[in-house]
Amino acid sequence: IASRFFAPRFGINEDSVTGSMHCALADYWGKKLQLSQFVALQASARKGVLRVELLGARVALWGQAVVTMEGNLRV
């Protein structure tokens, strides 16, 4: 599948690769294509390729990632 993600209202003109979006797309396209595994391409300026697998109520994503932020949460 191929996708793009825009959310200018939230300051995201175009996201390079969105894992949470692909979790939602996985369920939709998995049912439509009758597949439990497939490859997804987010076709933005900084392209990203994900391997997607439906595991019951869960979705597994594989691909290359870059850490863009780190932090600590104090509870």
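A residue is called buried when its relative accessible area is under 20%, exposed when that value is over 50%, and partly exposed in between, as judged with a 1.4 Å probe and protein chains only. The structure shown above is a predicted model, in which local features need pLDDT of at least 70 and side-chain atom pairs count only at pLDDT 80 or more, while totals for chains, interfaces and linings use all residues. Residues are numbered from 1 along each chain as its sequence is written, and side-chain values use heavy atoms, with hydrogens and water left out.

Ala40 belongs to strand β2, which covers residues 37-42; strands (E, at least two residues) and helices (H or I, at least four) are DSSP runs numbered from the N terminus. Beyond its neighbours within four places in sequence, Ala40 is in contact (heavy atoms within 4.5 Å) with Ile1, His22, Gly48, Val49, Leu50 and Val52.

Val49, one of these partners, is found in strand β3 and is itself exposed. Together with Val39 and Leu41, Val49 forms a nonpolar patch on the surface, with about 240 Å² of accessible area in total. Such a patch joins nonpolar side chains (Val, Leu, Ile, Met, Phe, Trp, Tyr) within 5 Å, taken from residues with over 30% relative accessible area and no salt bridge, and the areas come from the Shrake-Rupley method with a 1.4 Å probe.

Relative accessible areas can be set side by side.

| Residue | Relative accessible area | Class |
|---|---|---|
| Asp27 | 38% | partly exposed |
| Val49 | 54% | exposed |
| Lys31 | 60% | exposed |

A search of the whole structure finds one salt bridge, a term that requires a side-chain nitrogen of Lys or Arg within 4 Å of a carboxyl oxygen of Asp or Glu. Asp27 and Lys31 form it, with their closest N and O atoms 3.4 Å apart. Because these two residues are four places apart in helix α1 (residues 19-33), Asp27 and Lys31 are separated by about one helical turn.

Glu53, which lies in strand β3 (residues 48-55), is buried but has no salt bridge, and the nearest side chain of opposite charge, that of Arg51, is 4.4 Å away. Its side chain does make a polar contact with the side chain of Gln37 at 3.3 Å, where a polar contact is a pair of N or O atoms within 3.5 Å, one able to donate a hydrogen and the other to accept it.

Definitions and conventions
Lys, Arg positive; Asp, Glu negative; His and termini not counted. Patch = residues over 30% accessible without salt bridge, like charges linked within 9 Å, V, L, I, M, F, W, Y side chains within 5 Å.
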